Amino acid sequence: MTYYMSEMRWPEFASHKDDIIILPVGSTEQHAQHLPLCTDAVIAEKFAYYLARQVHGVVMPTFTYGYKSKPLSGGGPLFPGTIDLNGETVIRLAHDVLMELIRDGFHKIVIMNAHFENEAFLVEAMDLVNRETNGAATIVETNWWDPMPEDVIGKVFDEVPFPGWALEHAAVTETSLMLYFAPELCHMEDMADIKNVEPLPYFRYPLYKTDVPACGGLASAKSSTAARGKLIVDSVIPELVKICNSEFA
């Protein structure tokens, strides 16, 4: 048995019309020098897979490109390897895929997002699809950080202070998740121990290289471990299951 749509033949996929279909959405973006460009995509797909196992769902092929990372939420276009999409592109991509699923008779859809900047454009696509189909499907967009129980943050950040989600880029949570999900892709020997960036209360273009530390990180990843990654996963998956049980009952 497989949970991945891409590994199924079409009749097998068609047999899941009453099951939850999960679309992982990530990005291709620099994550400092110790994590790979695929970090957001890997995290989105792994959370989707762990959720699928719990709800008898199906994991769709992952969106590996996302909306532009902002200067202080990933570095924007300042680093080679960050491949950004325009907002309209993200909306149309999500819109078209959702419409195809609904045309094929699927009516329970979860978008599992792992790149913060994607969210507004994914929700816009959901709204357009809902209007065009007169609510033919229930579509839920979520991520891995919002459902995380508050007490888990204290457990994950028991050695270093929590810098806030705006600076948690290639820092403790993402690094710990990657150490748990894909340790072979992590290069902890290249991790830079940096001071937290001071977030600005505004945006400014053009961007300057000095806007982001040269390593690409925004806060220290010190204290990251696979055990902390597992703690995050083990606490978030039950919350995602609750969301599915509530919305697709």
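A salt bridge is taken here as a side-chain nitrogen of Lys or Arg within 4 Å of a carboxyl oxygen of Asp or Glu. I note at the outset that the model I examined is predicted.

**Entry 1. Salt bridges in general**

I looked up how many salt bridges the structure holds, and the total is 9. I then examined several of them by helix.

I next asked how accessible the two partners are. Aspartate 96 has 41% relative accessibility and therefore counts as partly exposed. Arginine 92, with a relative accessible area of 38%, is also partly exposed.

**Entry 2. Helix α5**

I turned to aspartate 151 and found that it forms a salt bridge with lysine 155, with 3.4 Å between the closest N and O atoms. Helix α5, residues 150–156, contains both of them, 4 residues apart, about one turn of the helix. Aspartate 151 has a relative accessible area of 45% and is thus partly exposed. For lysine 155 I recorded 46%, which again means partly exposed.

**Entry 3. Helix α7**

In helix α7, residues 226–247, I located lysine 242 and glutamate 239, which lie 3 residues apart, about one turn of the helix. Their closest N and O atoms are 3.4 Å apart, and the pair forms a salt bridge. Which class of exposure does lysine 242 fall into? Its relative accessible area is 52%, so lysine 242 is exposed, because the exposed class begins over 50%. Glutamate 239, at 23%, is partly exposed; the buried class would require a value under 20%.

**Entry 4. A linked group**

**Entry 5. Strands β5 and β6**

I then followed the chain through strand β5, residues 108–113, which pairs with β6 in the parallel sense over 5 bridges. Within this pairing I noted isoleucine 111, which stands opposite glutamate 141 in β6. What handedness does the unit made by β5, helix α4 and β6 have? I recorded a right-handed β-α-β unit, with helix α4 spanning residues 119–133. Finally I checked the burial of β6, residues 138–142, and found the strand mostly covered, with 4 of its 5 residues buried.

Definitions and conventions:
Residues are numbered from 1 along each chain as its sequence is written. This is a predicted model: local features need pLDDT of at least 70, side-chain atom pairs count only at pLDDT 80 or more; totals for chains, interfaces and linings use all residues. Side-chain values use heavy atoms; hydrogens and water are left out. Buried means under 20% relative accessible area, exposed over 50%, partly exposed in between (1.4 Å probe, protein chains only). Helices (H or I, at least four residues) and strands (E, at least two) are DSSP runs, numbered from the N terminus. Two strands pair if DSSP finds at least two bridges between them. A crossover is right-handed if, with the strands pointing away from the viewer, the path from the first strand over the helix to the second runs clockwise.
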